[in-house]
Amino acid sequence: MTDTHARGRVRVEPGLKRVRAYVGGELVVDTTHPLLVWENPNYPAYYLPRADVVAGLTPTGTTIHSPSRGDTVHYTVKAGGKELVDAAWQYPESPLEEIRDHVRFDWQALDAWFEEDEEVYVHPRSPYARIDILPSSRHVRVLIDGVVVADSHRPWLLFETGLPVRYYLPKVDVRMDLLEPTDSHTACPYKGTASYWTAVVNGQRHDDVVWSYPQPLPESTRIGGLVAFYNDRVTLEVDGQTA
């Protein structure tokens with residue numbers, strides 16, 4: 001049974017995974033007792049026991065007040081030949097007693113994070129988020145400004161907690177001649193790094209409306225190389241019905 005505590009919108013519960021982080025190839029923290037803290041409703045942050053931090057932490061004098069967590073003590077993280085100013089903080093007198101002896105690191109400031117022996121990206125994975133990727137024979141059409149840009153009977157449907165169903169289609173079923181690759185990229189801790197295309201239809205540009213995961217993370221390999229469209233920016237038909 002999960003031991004969960006909350007104050008306002010902030011929720012705290014113990015994590016079960018070993019968590020490590022590195023800077024410049026040098027270990028910063030290694031713990032089997034992380035806390036998952038939902039500072040926002042979408043995903044948690046890791047708060048890690050101060051006793052398991054092996055990098056040097058030097059107070060910077062920066063203080064930020066949180067109505068739910070109290071006042072911070074910020075630290076410069078010294079590891080791997082680097083000094084990362086204000087890259088870690090602690091709430092030593094927090095009304096949430098369980099986080100008082102834990103340190104919150106700026107995820108992006110550190111070079112690499114691992115859950116057990118697998119590297120994780122963007123932010124910690126939520127234990128309440130799930131992805132299912134299923135093959136389907138449903139007929140999917142995508143139209144932009146009345147022009148059919150994709151027509152497939154072999155989509156892969158991606159079901160992700162809290163998000164709309166996404167329809168991933170083989171490129172051979174997509175009018176790739178209407179798509180221009182862009183420099184845009186986004187990252188997802190469950191799927192990997194996405195690349196984007198702009199659709200040019202009837203002389204109109206629809207920026208970054210299409211994306212793909214060329215090298216998805218292991219749990220999402222089924223969508224590797226397939227393309228998807230933003231449901232709300234195109235006309236999406238599934239078995240003849242507008243989705």
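A residue counts as buried when its relative accessible area is under 20%, as exposed over 50%, and as partly exposed in between. One more thing to know at the start: the model shown here is predicted.

## The chain as a whole

The protein chain has 25 strands and zero helices. Its C-alpha atoms fill a box of roughly 60 × 40 × 30 Å along the principal axes. Of the 243 residues in the chain, 44% are buried.

## Aromatic rings

How many aromatic pairs does a search of the whole structure find? The search finds eight. One of them joins W38 and Y128, whose rings are tilted, with 5.9 Å from centre to centre and 45 degrees between the planes. This pair links distant parts of the chain, since W38 lies in strand β5 (residues 35-38) while Y128 lies in the loop between β14 (118-120) and β15 (131-135), 90 residues apart.

Are the two partners buried or exposed, or something in between? W38 has a relative accessibility of 2%, which is under 20%, so W38 counts as buried. Y128 has 46%, a value between 20% and 50%, and therefore counts as partly exposed.

Another pair is made by W107 and W113, and this one is stacked: the centres are 4.3 Å apart and the planes are at 0 degrees. Both W107 and W113 are buried. Elsewhere, ring pairs link Y168, Y196, W211 and Y230 into a cluster.

Charged groups meet rings too. W38 returns here, as the charged end of R11 sits over its ring, 3.9 Å from the centre.

## Pockets and a cavity

Now for the spaces in the model.

| Space | Volume | Classes in the lining |
|---|---|---|
| Largest pocket | about 580 Å³ | 15 nonpolar, six polar, three charged residues |
| Second largest pocket | about 230 Å³ | six nonpolar, three polar, three charged residues |
| Largest cavity | about 40 Å³ | five nonpolar, one polar, no charged residues |

The largest pocket is lined by 24 residues, and those nearest its centre are E160, L163, C188, Y190 and K191. Which strands each supply at least two residues of this lining? They are β19 (166-168) and β20 (179-188). Strand β20 gives the most, with three residues.

Twelve residues line the second largest pocket. P14, G15, L16, L36 and P127 lie nearest the centre of this second pocket.

As for cavities, the count comes to one of 30 Å³ or more. The residues lining the largest cavity are V142, Y167, L169, F229, N231 and L236.

## Two residues up close

To finish, here are two residues that you can look up in the structure, each with its surroundings.

I64 is found in the loop between β7 (56-59) and β8 (65-66). With a relative accessible area of 46%, I64 falls between the 20% and 50% limits, so this residue is partly exposed. Leaving aside residues up to four places away in sequence, I64 touches G70, D71, T72 and H74. H74 is ten residues from I64 in sequence, and their C-alpha atoms are 8.5 Å apart in space.

H185 belongs to strand β20, the strand that gives the most residues to the lining of the largest pocket. What does H185 touch, not counting residues up to four places away in sequence? The partners are T193, A194, S195 and Y196. Y196 is also one of the residues in the aromatic cluster with Y168, W211 and Y230. P59, in contrast, is 126 residues from H185 in sequence and 35 Å from it in space, C-alpha to C-alpha.

Conventions: Residues numbered from 1 in each chain as written. Predicted model: local features only at pLDDT ≥ 70, side-chain atom pairs only at ≥ 80, totals over all residues. Heavy atoms only, no water. 1 Å grid on protein atoms, 1.4 Å probe; cavity = no way out; pocket = protein on both sides within 12 Å on 5 of 7 lines; lining within 4 Å. Points joined across faces, edges and corners; volume = space filled by probe spheres on them. Helix = DSSP H or I, 4+ residues; strand = E, 2+ residues; numbered from the N terminus. Nonpolar A, V, L, I, M, F, W, Y, C, P; charged D, E, K, R; others polar. Phe/Tyr/Trp six-rings, centres within 6.5 Å; stacked < 30°, edge-to-face > 60°. Buried < 20%, exposed > 50% of the residue type's maximum accessible area, 1.4 Å probe, protein only. Lys NZ or Arg CZ within 6 Å of the ring centre and 35° of its normal. Contact = heavy atoms within 4.5 Å.
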